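Subject: Structure handover

Hello,

Here is the structure I promised to pass on. My notes follow below it.

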Amino acid sequence: RAAETAHLAGDYARGIALIGEALADMDADAEPLRASSLLGFLGYCRIAGPDSEGAAQAYAAAVDAARAEPVSPELARALTGMSLVQSGQGHYQEAIATAEEGRRAAVQVAVPATEARALTVLGWSLCSLGRVAEGLAHLERAQRLASAEDDIPTLLWTRGQLAAGLLASGQAAAAIDAAADVLDLSRSLGAEAAYGPYSATPGIEAMILLGNWATAQQLIGQLLDLEPPGGAAAFPRMASGLLRLWQGEVAPARADLAQALKDSEHAMVPEVVSVAHARLARVAAAEQRFNEARELVRTGLSVCARSGCAAHLIRLAAAGVHAEAERARAATARHRGKEVESAVGTASELISRARIAAQAGIGELLVTTAEMATAEADWAWLRSSEPDEVARWRDAISRWDALCFPYPAAHARWRLSHALLSRTGPPAEASQEL
C-alpha cells in the first residue's frame with residue numbers, strides 16, 4: 001500500500017524501492033501469485049519511471065510466476081501489463097496477442113477491471129496499426145467497464161488512449177470531448193500530476209490542430225505547473241513545442257522539445273521519439289540548421305525502425321523531406337548546386353521509406369495520410385522537372401481542410417501559391433490561395 005501511495009504521488013523511485021523490499025522479504029516459490037502481484041506492480045512503477053526495459057523484465061517475471069498456478073487474476077494482470085510494455089515499445093502485433101490472452105484470462109476469472117486494461121491495450125494497438133474503427137470499439141468498451149468498476153486510474157488511461165485514437169483518425173473535436181474531464185478525474189484521485197499530463201495531452205493536441213491555441217496554452221501551463229514527473233511531463237512539453245513553433249516562437253519550441261526528450265531519456269519509446277524528433281527537425285529547419293535536422297530524422301528513424309506503426313516512420317520521414325526542401329531552397333538562393341543535390345538525394349531516400357511504410361498500412365489514420373500527402377508535395381517541388389507539384393499541394397490542402405486543421409492547410413496553400421507563380425500560373429489564382 002505504501003508503494004501504491006508513492007506511485008499515485010508520482011514518486012516512482014520510492015514505489016520501486018518499496019516493492020523491492022517486499023520481494024526481498026518473501027519466498028516467491030512458496031507464494032508465486034503474491035510474487036506475481038508484486039512484480040506486476042514493479043513493472044507498473046517502472047513504466048511510469050520511465051524504464052520500459054526494466055518494466056518488460058518485471059512483467060515477464062510476473063507472468064512466469066503466475067503460470068505456476070491455474071488461470072488467476074494475477075496471470076491476467078501480468079499478461080495485460082506485459083502487453084502494455086509491448087505496445088509502448090511499438091510492438092503492436094505482439095501486444096495484441098498478449099493483451100488478448102490477458103483479456104481471455106480476465107473474463108475467465110471474472111476480473112472486469114483487468115479486462116478493461118487489456119481492452120485498452122488492444123484498442124490503442126489496433127488504432128496504431130490503422131485499424132481505427134475496431135480499436136475505438138475496444139476502447140469504448142474498456143471505458144464502460146472501468147467506469148462500472150469505478151476504476152479511476154484505468155478510466156483515465158482509457159480516456160487518454162481513446163482521445164489519441166480519435167485524433168489520429170481525424171476526429172479532433174471528439175478527441176477534445178473524450179479528454180474533457182481527465183483533469184477533474186485525476187484530481188478526484190489525488191493524482192493529477194501522475195495521470196493528468198499523459199491522458200489530457202491528446203485533447204490539447206487536438207485543440208492546437210483545430211486552432212484553439214489560447215485554451216491549449218492555458219491547459220499546457222496548468223499541467224506543467226503540477227510539476228509532473230519527467231516521463232509524464234514529456235507529453236505536454238511536446239504539445240507546447242508544436243504550439244510555440246506554429247506561433248513563431250522557435251527558440252522556446254526548441255527548449256520544450258529538447259526537455260521532453262531529456263525527460264524521456266530512460267524510455268525512448270517510438271511514440272515519444274517520433275513526435276519529439278520530427279518536431280525538433282522542423283524547428284531546426286526553421287532556423288536553417290539543416291545538418292541538425294537531417295541528423296534528428298536519422299536518429300528518430302533508427303530508434304523507430306522496429307516499430308509496427310507506419311505513422312511513426314511517416315511522421316519522421318515527412319519532417320525530413322520538408323527539411324531537405326527548405327535546405328534546397330536556401331542552397332538554390334546561394335547557388336550551391338552540390339548542397340541541392342545532397343538535399344534531393346536525402347529526400348529521395350526519405351520519401352521512399354515513407355511510401356514503403358504507407359504501403360504496409362496507414363489504414364484509417366487520416367492525419368498520417370495528410371502528412372504523407374504533404375511530404376509528396378515537398379518532394380514534387382524538389383523534383384523541379386516534374387509537373388505535378390501543383391496537384392500535390394492541392395491534394396494536401398484538401399486533406400487538411402477535410403480535417404479542419406487550419407495551420408497545416410495554410411502552410412500548404414502558401415506553398416501552392418509559390419508553385420503557381422513559379423510555373424507561370426495566373427497571379428490572381430496564387431493571390432487567392434494566399
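I start with a proline. Pro236 sits in helix H14. The model is predicted, so please read everything here as computed from that prediction.

Is Pro236 buried or exposed? Its relative accessibility is 0%, under the 20% cut-off, so Pro236 counts as buried. Leaving out residues up to four places away in sequence, Pro236 touches Pro197, Thr201, Ile220, Leu223 and Leu224. Cys45 is 191 residues from Pro236 in sequence. In space, the two C-alpha atoms are 20 Å apart.

Confidence

The protein chain has an average pLDDT of 90. A score of at least 70 is reached by 91% of the residues. Among the elements of the chain, helix H10 (residues 172-178) has the highest mean pLDDT, at 97. Helix H1 (residues 2-8) has the lowest, at 57. Where pLDDT is low, the predicted coordinates should not be read in detail.

The second largest pocket

This pocket has a volume of about 1,300 Å³. Its lining has 49 residues, and those closest to the pocket centre are Leu209, Leu242, Arg279, Arg315 and Glu371. By class, the lining holds 30 nonpolar, eleven polar and eight charged residues.

Several helices each supply at least two lining residues. They are H7 (112-128), H9 (152-168), H12 (192-210), H14 (230-246), H16 (270-286), H18, H20 (366-382) and H22 (406-422). Which helix gives the most? That is H16, with eight residues.

H16 is mostly covered, with 14 of its 17 residues buried. Its length also checks out: at 1.5 Å a residue, 17 residues should span 24 Å, and the end C-alpha atoms are 24 Å apart, so the two agree. Just after H16, Gln288 takes a positive phi of about 60 degrees.

H20 is mostly covered too: 14 of its 17 residues are buried. From first C-alpha to last, H20 reaches 25 Å. That is close to the 24 Å expected at 1.5 Å a residue.

Arg315 lies in helix H18 and is one of the residues closest to the centre of the second largest pocket. Arg315 is partly exposed, because its relative accessible area of 23% falls between the 20% and 50% cut-offs. Beyond four places in sequence, Arg315 touches Ser274, Val275, Ala278 and Glu371. Glu371 is also listed among the residues closest to the pocket centre. Gly203 is 112 residues from Arg315 along the chain, and their C-alpha atoms are separated by 19 Å.

Arg327 is in H18 as well, within residues 310-333. How accessible is Arg327? Its relative accessibility is 5%, so Arg327 counts as buried. Its contacts, again leaving out residues up to four places away, are Phe290, Asn291, Arg294, Glu339 and Ala343.

Loops

Most residues other than glycine have a negative phi.

Ala110 is not a glycine, yet has a positive phi of about 55 degrees. Ala110 is in the loop between helix H6 (92-108) and H7. With a relative accessible area of 62%, over the 50% cut-off, Ala110 is exposed.

Asp150 has a positive phi too, near 55 degrees. Where is Asp150? In the loop between helix H8 (132-148) and H9. At 58% relative accessibility, Asp150 counts as exposed.

Leu365 is also in a loop, between helix H19 (337-361) and H20. Its relative accessibility is 3%, so Leu365 counts as buried. Which residues does Leu365 touch, apart from those up to four places away in sequence? Cys127, Ser128, Gly130, Val132, Ala168 and Ala311. Leu420 is 55 residues from Leu365 in sequence. Their C-alpha atoms are 30 Å apart in space.

Best wishes

Conventions. Residues are numbered from 1 along each chain as its sequence is written. This is a predicted model: local features need pLDDT of at least 70, side-chain atom pairs count only at pLDDT 80 or more; totals for chains, interfaces and linings use all residues. Side-chain values use heavy atoms; hydrogens and water are left out. Helices (H or I, at least four residues) and strands (E, at least two) are DSSP runs, numbered from the N terminus. Buried means under 20% relative accessible area, exposed over 50%, partly exposed in between (1.4 Å probe, protein chains only). Contact means heavy atoms within 4.5 Å. On a 1 Å grid over the protein atoms alone, a cavity is a set of points where a 1.4 Å probe fits but cannot get out, and a pocket is an open set with protein on both sides within 12 Å along at least five of seven lines; lining residues have an atom within 4 Å of a point. Grid points are joined across faces, edges and corners, and a volume is the space filled by probe spheres set on the points. Ala, Val, Leu, Ile, Met, Phe, Trp, Tyr, Cys and Pro count as nonpolar, Asp, Glu, Lys and Arg as charged, and the others, Gly among them, as polar. pLDDT is the predictor's confidence in each residue, from 0 to 100. The expected span of a helix is 1.5 Å times one less than its number of residues.
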